[in-house]
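Here is a short briefing on helix packing and pockets. Keep the model open while reading.

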Amino acid sequence: MAKFVCLTPPFCLYSRETSRGSSPLPPPAHHNNSPLYVFLTISSLTDQGDHMIICFWLRMEITNVMEYEALAKEKLPKMIYDYYASGAEDQWTLKQNRYAFSKILFRPRILVDVSKIDMTTTVLGFKISMPVMVAPTAMQKMAHPDGEYATARASAAAGTIMTLSSWGTSSVEEVASTGPGVRFFQLYVYKDRNVVTQLVKRAEKAGFKAIVLTVDTPRLGRRESDIKNRFVLPPNLTLKNFDGLNLGKLDKTDDSGLASYVAGQVDRSLSWKDVKWLKTITPLPILVKGVLTAEDARIAVQHGVAGIIVSNHGARQLDYVPATIMALEEVVQATQNRVPVFLDGGIRRGTDVFKALALGASGVFIGRPVVFSLAVDGEAGVRKTLQMLHDELELTMALSGCRSLAEITRNHIVAPWDPPRVSPKL
């Protein structure tokens, strides 16, 4: 007779006896398919000669946001993981978005009283707990059944801003129903301007506080993983913001047909005059997302935008554009402090956030870290991701001698493009 004992967190113990050759106690249902838990067994003989097998669950300790990506890769179907993880064509820019941060080094100041550190900031008049916000990421229910609901709740709990993708699998109304929180709405401009107007008015009514206009997507980039995987939106999901809109006649009636239709309706003729038009249909502030050059930054300011997001669309559009951290300072200098500039792309550490702030960013947006932690552990995963970045940034500030975000300056870092420093003579 073999006796099986199973331990599950926090202190649950249960057992059963089985005859030799029978299967051991199955894993508890609430840990099934969770990459955060490892099922271990220990086998031994008792003094009476009985065979004792002890089974227990060991929870992995996540120590940084990058660990979520490896776990998400294990958990998600390949088609869905590749959709979130991959970049355009050779994926050179995808790699550079991360690598470029490693070329920027710190110049910490010492003997500063850092017993109190203030990480709060204000974005478009809204006070948030830290300069880390959630970027728009499409179709989050592919990662987890709670999708954008979980991300909205986690962002609000962290005291920061969530940006909802217009290609979300939850609608503006559904996200608003999760409770209080400052939220922005990401927008593409479609050939049918009536669709754009309907989306904007719904976002306004649902209490969203700004429009994030994506300006780097007149056509979708060539993402070869999606081509190989023949990516389609899973049949149980739909782009919820388009439910109930007057879209005219669709070629297909299934949800993947809707997704293809919506992507195909993005207006290739989008120009700066449409930014002016958008300002006429909404009182909400407009941020333009996808700026990489000083020239476009100056034009954006001239057209009255409320802010600029330096972004290369997660390296999913034009390959061989610079990493966003490399383009950031050029854009900041071109705006001459007339509008806030934010960074999107490649953020994985609190040190990355500090480097962006030192180069002039007013804050950063994170995308993939959110969706990967969502895939692994739902709302709790997103909460932990935001908390880890908060704690890492706080530590970086302390070790650099900065007690507030205002004290983070260009002198706290050295970048590859800086001229050689000459130390003053004593």
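Helices α12 and α13 are oblique to each other, because their axes cross at roughly 60°. This is a predicted model.

**Helix α12 against helix α13**

- Helix α12 covers residues 350-358, and helix α13 covers residues 368-400.
- Their axes come within 7 Å.
- The crossing of α12 past α13 is right-handed.
- On the α12 side, the contact uses Gly350, Thr351, Val353 and Phe354.
- On the α13 side, the partners are Leu389, Glu392, Leu393, Thr396, Met397 and Ser400.
- By class, this contact of α12 with α13 has five nonpolar residues, four polar and one charged.

**Helix α10 against helix α11**

- Helix α10 spans residues 294-302, while helix α11 spans residues 324-335.
- The two axes come within 8 Å and cross at roughly 35°.
- α10 and α11 form a right-handed crossing.
- From α10, the contact takes Ala294, Glu295, Ala297, Arg298 and Val301.
- From α11, it takes Glu330, Val331, Ala334 and Thr335.
- The contact of α10 with α11 divides into five nonpolar, one polar and three charged residues.

**Helix α6 against helix α9**

- Helix α6 runs over residues 193-205, and α9 over residues 272-281.
- Their axes come within 11 Å and cross at roughly 45°.
- The angle of roughly 45° therefore makes α6 oblique to α9.
- The handedness of the α6 and α9 crossing is right-handed.
- α6 brings Arg193, Val196, Thr197, Val200, Lys201 and Glu204 to the contact.
- α9 meets them with Asp274, Trp277, Leu278 and Ile281.
- Five nonpolar residues, one polar and four charged make up the contact of α6 with α9.

**The largest pocket**

- The largest pocket holds about 1,100 Å³ of space.
- Its lining has 50 residues.
- Closest to the centre of the largest pocket are Tyr83, Arg223, Asp226, His313 and Arg316.
- Several elements each supply at least two lining residues, among them α1 (66-75), α2 (78-85), α3 (92-102) and α7 (224-229).
- α8 (255-264), β15 (363-366) and α13 also each supply at least two.
- α8 gives the most, with five residues.
- The lining of the largest pocket divides into 25 nonpolar, 14 polar and 11 charged residues.

- By class, the lining of the second largest pocket has 11 nonpolar, five polar and four charged residues.

Terms used:
Residues are numbered from 1 along each chain as its sequence is written. This is a predicted model: local features need pLDDT of at least 70, side-chain atom pairs count only at pLDDT 80 or more; totals for chains, interfaces and linings use all residues. Side-chain values use heavy atoms; hydrogens and water are left out. Axes are lines fitted to C-alpha atoms, for helices over the stretch in contact, and angles run from 0 to 180 degrees between N-to-C directions. Helices (H or I, at least four residues) and strands (E, at least two) are DSSP runs, numbered from the N terminus. Angles under 35 degrees count as roughly parallel, over 145 as roughly antiparallel, 65 to 115 as roughly perpendicular and the rest as oblique. A crossing is left-handed if the near helix is turned anticlockwise from the far one by less than a right angle, and right-handed if clockwise. Contact means heavy atoms within 4.5 Å. Ala, Val, Leu, Ile, Met, Phe, Trp, Tyr, Cys and Pro count as nonpolar, Asp, Glu, Lys and Arg as charged, and the others, Gly among them, as polar. On a 1 Å grid over the protein atoms alone, a cavity is a set of points where a 1.4 Å probe fits but cannot get out, and a pocket is an open set with protein on both sides within 12 Å along at least five of seven lines; lining residues have an atom within 4 Å of a point. Grid points are joined across faces, edges and corners, and a volume is the space filled by probe spheres set on the points.
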